[in-house]
Amino acid sequence: MKGIKALGDRMVDTVSGLKLPTLGSEVELPVYVIHNAPDAEDYFFIFDFEEFVEQSRQGWFVRPKLRLWAGRSDFNRRAFARAFRESFAREFELARVQLATQKDAKRGWFGGLPGFLRDIASPSLPGVLANLVLLVALSAGGKILTQVLPAGWMRQKSDAQKLEEGINETKTKVDEALGQIEITLHMDLYRHAYRGQPPGRLTGVDYDAWPLPDYVKQHLMDGTSGSWW
């Protein structure tokens, strides 16, 4: 709460003047849900940030579109949503920090947004900008960022409590959308998930899907979430 209060004090005069960029073209952001045990709740994530980062290096605020691949989808969606959001935030922050070390490189989403949202993507409040990116990625159709952000972000904040409420509102919206997101089964991930046990249902399999990327194949047994770009 101390970090939120300090940030709230700095931003009180800038929120109402926030300038939001126009969202650019849609870029697919594949995510692979990897099961390494018979338990449906035992999984981790591999994020493919490659195209998203490439467009961001050119300074574009593209609209990421999540595409989820898994070997099974019979897990608790509420727990899945929170795990996904937290893992995405960690991997996004790792990419943001690494891109920040590259001189003269435009960073798009990874460089923050004009105004207070640039400050908000800081160690004092990790994951906030990543949650906004997720909110954009999970919002169907809209091209204007003001139509995507919770109303609280666009109102004048008078204290840290209101800022915290805006952050929590974003998390809630992200979790609700993730709980309903479409998950496509990939045969390679299906075989990996059910190896050594009776096979599960094949409902939702894309039989025409491309083979798994090499990075995913190499990290199927890691047991911890990761990403590449």
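**View 1. Helices α3 and α5 pack against each other.** Axes are lines fitted to C-alpha atoms, for helices over the stretch in contact, and angles run from 0 to 180 degrees between N-to-C directions. Two packed helices are described by the angle between their axes and the distance between the axes. This is a predicted model. Here α3 meets α5 (residues 128–137) at an angle of about 115 degrees. The two axes lie 9 Å apart. Their crossing is right-handed. Which residues make the contact? From α3 come Phe84, Arg85, Phe88, Ala89 and Phe92. From α5 come Leu129, Ala130, Asn131, Val133 and Leu134. By type, the residues of this contact are eight nonpolar, one polar and one charged.

**View 2. Phe80 is a buried residue of helix α3.** Helix α3 spans residues 77–100. Is Phe80 buried or exposed? Its relative accessibility is 0%, so Phe80 counts as buried. Look for its partners beyond four places in sequence. Phe80 is in contact with Val33, Tyr43, Phe45, Leu68, Phe75, Leu178, Ile181 and Ile183. Take Leu178, one of these partners. Phe80 and Leu178 are separated by 98 residues in sequence. In space, their C-alpha atoms are 7.9 Å apart.

**View 3. Strand β3 pairs with β1 and with β4.** Strand β3 covers residues 63–70. Six of its eight residues are buried, and the strand is mostly covered. Strand β1 (residues 26–35) runs parallel to β3, and eight bridges join the two. Strand β4 (residues 183–185) also pairs with β3 in the parallel sense, over three bridges. Follow Trp69 in this view. Trp69 of β3 is the bridge partner of Tyr32. Trp69 also stands opposite Thr184 in β4.

**View 4. His192 sits in helix α7.** This helix runs over residues 187–193. The relative accessible area of His192 is 10%, under the 20% cut-off, so His192 is buried. What does His192 touch beyond four places in sequence? Its contacts are Ile34, His35, Asn36, Leu220 and Met221.

View 5. Where pLDDT is low, the predicted coordinates should not be read in detail.

Conventions:
Residues numbered from 1 in each chain as written. Predicted model: local features only at pLDDT ≥ 70, side-chain atom pairs only at ≥ 80, totals over all residues. Heavy atoms only, no water. Buried < 20%, exposed > 50% of the residue type's maximum accessible area, 1.4 Å probe, protein only. Helix = DSSP H or I, 4+ residues; strand = E, 2+ residues; numbered from the N terminus. Pairing = 2+ DSSP bridges. Contact = heavy atoms within 4.5 Å. Left-handed = near helix turned anticlockwise from the far one by under 90°. Nonpolar A, V, L, I, M, F, W, Y, C, P; charged D, E, K, R; others polar.
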